[in-house]
Amino acid sequence: MTTPDAPDAPQAVRGRPPVTERRLHPVTPLRRAWAPVAVLIGWALHDPDQAQRQLNRLTTTTLLIGIAVLIPAAALYGFLTWWFTHFAVTDSELRIRTGLLFRRTAHIRLERIQAIDVTQPLLARVAGVSKLKLDVIGADKKDELAFLGAGEARALRAELLARAAGFAPETAHEVGEAPARQMLRVPAGVLAVSLLLTGATWGWLLVAGVVVPLLWIATHSLWTVLAAAVPMLGAAGASSVGRYVTEYDWTLAESPDGLRIDHGLLDRAHETVPPGRVQTVRLVEPLLWRRRGWVRVELDVAGSSNSLLLPVAPRELAESVVARVLPGVTVPPREALVPPPRRARWCVPLWWRGYGLAVTDAVFATRHGLLRRSLSLVPHAKVQSVRLVQGPWHRARGVADVHVDTGANKSVTARLRDTAEAAALLHSQAERSRTGRRDALPDRWMS
């Protein structure tokens, strides 16, 4: 929540120590000094012809004067934005104050903090600094503190999590980071093989191999071919090399404040999956992974943008991790997933075979996909609403879709169910969700 600056309040109230404001790491101005330069680069890329004409008109003396003015101006901008940025931790909130001409103060209530991630881009690792990213309930994007010293960032993270868990301010400093027990680490070789067996990479390469020659035959224009080939090759690289760099050395550990995830080859990230906030877990099985028994585990987390728990793991191990994320939930076996009735094949020919549904005492589970199977698990306590949707063609075939909506603003759908089954499921799921929320454990840190 962001509010305008208010008149300064007394720093000490009834014997409490005054609130101490702190600045970011002194290396921060170097990062922010790039903003004016980025504006010029953006203008040049937006209209390269106009930028080239303007540069051709400049003499060497004028160009040197411009550089001599730009560099100090950028340095001054970076310094001033750093100088006028402060943060402080009070008894109830994290306060971030920024702005030179237009002041902005963000008041982040500690009890609304859901996760705090520590990230280190490559240059930040060289400089020994880190960035804190905060997931806050109700916020559209993560607030961040960039940059802090690596040790200071971890200490501040531990303090904020301790305060969010309800520890007294005077003892939060002493709590420190909760101990963690490593559960698994994804070997680099397994990750590389899994990406090679992912269809997206080969799909983009196949498309490029077909489209590029056709464009060359049709146009004989090198620029047209490059304009089409570069995005396709970039997409293939992002789904293979890009994911490998991001998911390298993926390590999952368990601690009282949630499941901790560390990963990254160039940019290191230290993330936390907050307990009690996971709304949906998905086990994804690409076609070429099935013979090896591998799955990918994805998440929907309320108040958090973290969406990946495991990039690749054996199914048995993945199911044991799911049991830690969703206590009391067991992944239904394949034979427990009931397919739609055969008349549903007229609604979605062939692909209807990929749908399935299982409802247990703890979870609402749906499956979809033939080439890329995905099994979605929603605990009954996390269901916010239930909807039955039936179009005219579905009514003619006697089937309907049942949607369950979660607290992460996402939906999971049981597709092509028999109409009578869907109606019964609508009412029974509403009752399961009501009793599940009543008996659910509170969403608390370190509970």
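1. E144 is located in strand β7, which comprises residues 143-149. The model under discussion is a predicted one, and the remarks below should be read accordingly.

2. With a relative accessible area of 33%, E144 is classed as partly exposed, because that class lies between the 20% limit for buried and the 50% limit for exposed.

3. Which residues does E144 touch, leaving aside those up to four places away in sequence? The contacts are R31, I96, K131, L132, K133 and L134. As for V118, 26 residues from E144 along the chain, the C-alpha atoms of the two residues are separated by 9.7 Å.

4. A second residue of interest is H107, which sits in strand β4, residues 104-109. Is H107 buried or exposed? H107 has a relative accessibility of 17% and therefore counts as buried, the threshold being under 20%.

5. The side chain of H107 is joined to that of E93 by a polar contact of 2.8 Å.

6. According to the unreviewed UniProt entry, the annotation "transmembrane region" covers residues 63-85, 190-216 and 222-245. Two of these spans can be described further from the model. Residues 190-216 are 93% helix and 0% strand, and the C-alpha atoms at the ends of this span are 38 Å apart.

7. For residues 222-245, the model gives 100% helix and 0% strand. The end C-alpha atoms of this span lie 31 Å apart.

Key:
Residues numbered from 1 in each chain as written. Predicted model: local features only at pLDDT ≥ 70, side-chain atom pairs only at ≥ 80, totals over all residues. Heavy atoms only, no water. Helix = DSSP H or I, 4+ residues; strand = E, 2+ residues; numbered from the N terminus. Buried < 20%, exposed > 50% of the residue type's maximum accessible area, 1.4 Å probe, protein only. Polar contact = N/O pair within 3.5 Å; in protein donor to acceptor, adjacent residues only side chain to side chain. UniProt positions renumbered as here; feature names shortened; annotations may be inferred. Contact = heavy atoms within 4.5 Å.
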